[in-house]
Amino acid sequence: MKITGIETFTLRAPLEEPFAYSQWRYTHRETTLVEVRTSEGITGWGEAYSPSAPVAAAIDRFLAPLVIGRDPRDVEDLWQFLYARGLDYGPKGTLVAAISALDIAFWDIKARAAHVPLYRLLGGARTESIPCYATGFYFRESETLERRFAKEAEAYASEGFTAMKVKVGLGVDRDAELVELVRRTIGPGIGLMIDANHAYDPVTAVRLARRIERFDITWFEEPVSPLDPDGYLEVKARIAIPLAGGECEFTRFGFEPWFRRRALDYAQPDLCACGGITEGMKIAALASLHQVHVTPHAWGSAIGQAAALHFYAARPRHPGTLTAERKVIECDRSENPFRTEIAVSPVRLERGSWLLPDGPGLGVGIDRGALERFRATA
Ligand code: CA
């Protein structure tokens, strides 16, 4: 089998209602998909979690020409080849996100060619579904955040989610009010995470954590800068809430110091950025050496969500007990037509859990009409 063609799809869609988190306000959703075609008619899909224009250029003009004619099933060799080619210029960031998209597509092809769901090639899954936490609670201007957060909390709980993640970063007092409101709305027994998207310095992160510790917070995500593992350590030493992070980190080389120094309790590599499936497996293996949980970040299209699900489903329980760890994976509930409208057979969500697809590869069929509709022409 040989790679015969690689095409990128830069997708862009306006949002019905803009939303914000601590770092940015969104009026559009944007992503980049890649389709890898082969001599045997099998096609694989991948996605990059990175700004579209540079990552599409990295694939189209730099990486794709290097792999035409190669066998896409040689995932390990291809990864090493592509990473080595870009190492001197882009050991992290957009170039690695571009490799990630290709790597996911290669794995999709490899599993399709073997007629098995991808998670089987990655080690197999012990279960048919994985519980999710709902990612939502973005900041909006159309109604008060009190009303909005209460509505979302009730909706996620009634949809069957057993955990949900609230955005913080509005200042300690405001954050504490809203977290308390959500906890009071859902009651005990439902997991509650918070995510600051690195809005705080360590002192402020500690102040916030201490104010809300009594609300049984599962984890505090990106409390401080992703460039500051010492800041994580400082926060971790002074609060009782576990820390999560890693969506801005890349490759095993980037994650290793975080694990070695115990700066994270939950590592959140994004498969569409960290180096793809091939590198995600290595990151997870390293994490297991250091007692760090891995639960992938997923904020992309139906492709990225499926990649995260297959990867996570095939990870062993950690620690290795019969019941101690309750797996939980991210499920973005914010408006994103690429998650809901480009797939003819998206991964199914039922009572707050993703059902593992049983079709070959990622198990996601693409609606090419929808793809063209969202394709950015500029
Ligand atoms: Ca996050």
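**Chatting through a predicted model**

Me: Hi! Where does Glu143 sit?
Reply: Glu143 is in the loop between strand S4 (129-135) and helix H5 (145-159). Keep in mind as we go that this is a predicted model.

Me: Thanks. Is Glu143 buried or exposed?
Reply: Glu143 counts as buried, because its relative accessibility is 19% and the cut-off for buried is under 20%.

Me: And which residues does Glu143 touch, leaving out those up to four places away in sequence?
Reply: Those are Arg148 and Lys151. With Lys151 there is a polar contact between the two side chains, at 3.0 Å.

Me: How far is Glu143 from Thr94 in space?
Reply: From C-alpha to C-alpha, Glu143 and Thr94 are 36 Å apart, with a sequence separation of 49 residues.

Me: Switching to the metal. What are the protein donors of the calcium ion?
Reply: The calcium ion has Asp195 (OD), Glu221 (OE) and Glu247 (OE) as its protein donors, at 2.2 to 2.3 Å. Their spacing along the sequence reads D-x25-E-x25-E.

Me: Where are Glu221 and Glu247 in the fold?
Reply: Glu221 belongs to strand S7 (residues 220-221), while Glu247 lies in the loop between strand S8 (243-245) and helix H9 (251-260). They are 26 residues apart, and the pair links distant parts of the chain.

Me: Are Glu221 and Glu247 buried or exposed?
Reply: Both Glu221 and Glu247 are buried.

Me: I'd like to check the backbone too. What is the phi of Glu222?
Reply: Glu222 has a positive phi of about 40°, although it is not a glycine. You'll find Glu222 in the loop between S7 and helix H8 (229-238). At 1% relative accessibility, Glu222 counts as buried.

Me: Got it. What about the phi of Arg262?
Reply: Arg262 is not a glycine, yet its phi is positive as well, about 60°. Its place is the loop between H9 and strand S9 (266-267).

Me: How does Arg262 count for accessibility?
Reply: Arg262 counts as partly exposed, because its relative accessibility is 39%.

Me: You mentioned H9. At what angle do H2 and H9 pack?
Reply: Helix H2 (residues 75-86) and H9 pack at about 85°, and their axes are 11 Å apart. The two helices are therefore roughly perpendicular to each other.

Me: Which residues make that contact?
Reply: H2 brings Trp79, Gln80 and Tyr83, and H9 brings Thr251, Arg252 and Phe253. Sorted by class, that gives three nonpolar, two polar and one charged residues.

Me: Now H3 and H10. How far apart are their axes?
Reply: For helix H3 (residues 94-113) and helix H10 (residues 276-289), the axes are 6 Å apart and the packing angle is about 95°. H3 and H10 are therefore roughly perpendicular to each other.

Me: Which residues meet there?
Reply: From H3 you have Ser100, Asp103, Ile104 and Trp107, which meet Gly276, Ile277 and Thr278 of H10. The classes in this contact are three nonpolar, three polar and one charged.

Me: Last one: where is Gln305, and is Gln305 buried or exposed?
Reply: Gln305 is in helix H11 (residues 302-313). Its relative accessibility is 4%, so Gln305 counts as buried.

Me: And what is Gln305 in contact with, beyond four places in sequence?
Reply: Gln305 is in contact with Ala298, Glu330, Cys331, Asp332 and Trp354. A polar atom of the Gln305 side chain lies 3.1 Å from the backbone oxygen of Glu330.

How values were computed:
Residues are numbered from 1 along each chain as its sequence is written. This is a predicted model: local features need pLDDT of at least 70, side-chain atom pairs count only at pLDDT 80 or more; totals for chains, interfaces and linings use all residues. Side-chain values use heavy atoms; hydrogens and water are left out. Axes are lines fitted to C-alpha atoms, for helices over the stretch in contact, and angles run from 0 to 180 degrees between N-to-C directions. Helices (H or I, at least four residues) and strands (E, at least two) are DSSP runs, numbered from the N terminus. Angles under 35 degrees count as roughly parallel, over 145 as roughly antiparallel, 65 to 115 as roughly perpendicular and the rest as oblique. Contact means heavy atoms within 4.5 Å. Ala, Val, Leu, Ile, Met, Phe, Trp, Tyr, Cys and Pro count as nonpolar, Asp, Glu, Lys and Arg as charged, and the others, Gly among them, as polar. Donors are N, O and S atoms within 2.8 Å of the metal (3.2 Å for Na, K and Ca); water is not among the atoms, so sites may look incomplete. Buried means under 20% relative accessible area, exposed over 50%, partly exposed in between (1.4 Å probe, protein chains only). A polar contact is a pair of N or O atoms within 3.5 Å; within protein, one must be able to donate a hydrogen and the other to accept it, and residues adjacent in sequence count only if both atoms are side-chain atoms.
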